[in-house]
Amino acid sequence: MDPLKELFGLTADYAAQFLGSLDDRPVGSKATVEELRADLGGPLPMQGSDDVQVIADLIAAAEPGVTAIPGGRYFGFVIGGALPAALAADWLTSTWDQNAGLYVTGPSAAVVEEVALEWLRELLHLPEGVSAGFVTGCQMAHVTALAAARHHVLEKVGWDLLSDGLQGAPRIRVLVGEHRHVTIDRALRYLGIGARQIEPVAADEQGRLRPEALRAALAGAGGPTIVCAQAGDVNSGCFDPLNEIADALDGSGAWLHVDGAFGLWASTAPRFRHLTAGVERADSWATDGHKLLNVPYDSGIAFCAHPGSHRAAMSVSASYLEQTDPDAARDQLDWTPEFSRRARGFPIYAAIRALGREGIAAMVERCCDHAARFGELLGAEPGVEILNEVVLNQVLVRFRGDDEVTRATIAAVQDEGTCWLSGTVWQGKAAMRISVSSWQTSAEDVERSATAILEAAAAVSGSLR
Ligand SMILES: Cc1ncc(COP(=O)(O)O)c(C=O)c1O
């Protein structure tokens, strides 16, 4: 047999068998770190091994430590599954192994990103003419977009960041919602803006930035300013009031960045689109393909309404690089912090083609409806409190009004294995977080998981009584 066919046949057969087994396996990993080290570790091999054997051994040793993220009952963090067409396109991405930094090293990869950019823009209702960079995740999308913001606001006050750097530059004010995601702070840190330079703006009980507090913070102050709002809080799923925030910034010259890691996808679904009203008024946006679009890791996207500033912040050139006239085609390294890079457009392109606009809207609405059903099923039980307004796909649950019971219930659910979810602290109270982000989640998965959660809570309450 052709050795490549044997190797890839084995891998594809295993992939189908693994994905087919997800419904029947515990969702969390049961392996201990010691077991995984014992099975995967060992001395540096001196000689090579047969490829088929390497893959067979890898499967046998790694599988016990693989979590059922691609299945329908993984509700941890905010983690999407992988649509079959997107997964297959991801395999092709590795098969083709294009260096998607330059047009010349992968013309199809460059054009697919160009096409996907336009499809995404339309799906997410962003303004015409935005630029985009396809990056590893929302973290790097923030870095990309905020680098463009930093360049733009400094240029407006006459500071040449590219030549003079940040040392000695006019101070940039950065205002962020009290509940912004931690990746905003880290992106700012990468860009030379430290924790003490970030000004948190008060939020309401759901976590929504208060526009009147933003207005007060902006009053009288001028100079280079960046404001970070969010569409979809990682815990409550709430949305900052983007129209009111944009109104508050009107005429101030401040740059508005929107963290829409998963919440931006509300724009794609008619029943949820109102949540992102005003989103088109921002200057930059960061989102993920690996959350509600259900593209495999890693997939983030930065959009920018000022392509000139975006390109200035990211582009690079060297005599040995064969760069393409930007009016003719797109060299991706001009739009991302990376140089050599994976052709991330293929899986996004395949996901959009596989579902179409209507299929994506249906998937997003399904996730949100499942989250609402979790809220109903759990909230109907005495002693169980839903802490947030379930506006999108996130549910925060607290048991018996008690931190210890809530944390023990989360641990019991993780251990039991029907589903997997994790915890947080919301407004000073321990809470269980349920995030419904997978195309695979069915109504039955929700019923099964809610039953498992309530049984775990009953067992915990009984044992702590
Ligand atoms: C609101 C928000 N922003 C940013 C991120 C970071 O995204 P990533 O892990 O893709 O970098 C997340 C992750 O859950 C998020 O929920």
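## Confidence in the model

Which elements of the protein chain have the lowest and the highest mean pLDDT? This is a predicted model, and helix H14, covering residues 443-464, has the lowest mean pLDDT, at 94. At the other end, strand S6 (residues 284-288) has the highest, at 99. For the protein chain, the average pLDDT is 97, and 100% of the residues score at least 70.

## A four-stranded sheet

Let's look at one of the sheets. Four strands form an open sheet with antiparallel pairing, in the order S8-S9-S11-S10.

Now zoom in on one pair. Strand S9 spans residues 394-399, and S8 pairs with S9 in the antiparallel sense over three bridges. Here you can find Ile-386 standing opposite Val-397 in S9.

## Around the ligand

There are 14 residues around the ligand, and those that come nearest are Cys-138, Gln-139, Asp-259, Asp-288 and His-290.

In Asp-259, a side-chain N or O atom is 2.7 Å from a nitrogen atom of the ligand. For Asp-288, a polar side-chain atom lies 2.7 Å from a ligand oxygen atom. Lys-291 has a side-chain N or O atom 3.1 Å from an oxygen atom of the ligand. On its own, the ligand has 390 Å² of accessible area, and the protein covers 84% of that area.

Conventions: Residues numbered from 1 in each chain as written. Predicted model: local features only at pLDDT ≥ 70, side-chain atom pairs only at ≥ 80, totals over all residues. Heavy atoms only, no water. pLDDT = per-residue confidence, 0-100. Helix = DSSP H or I, 4+ residues; strand = E, 2+ residues; numbered from the N terminus. Pairing = 2+ DSSP bridges. Near = heavy atom within 4 Å. Polar contact = N/O pair within 3.5 Å; in protein donor to acceptor, adjacent residues only side chain to side chain. Areas by Shrake-Rupley, 256 points an atom, 1.4 Å probe, with all protein chains shown as cover.
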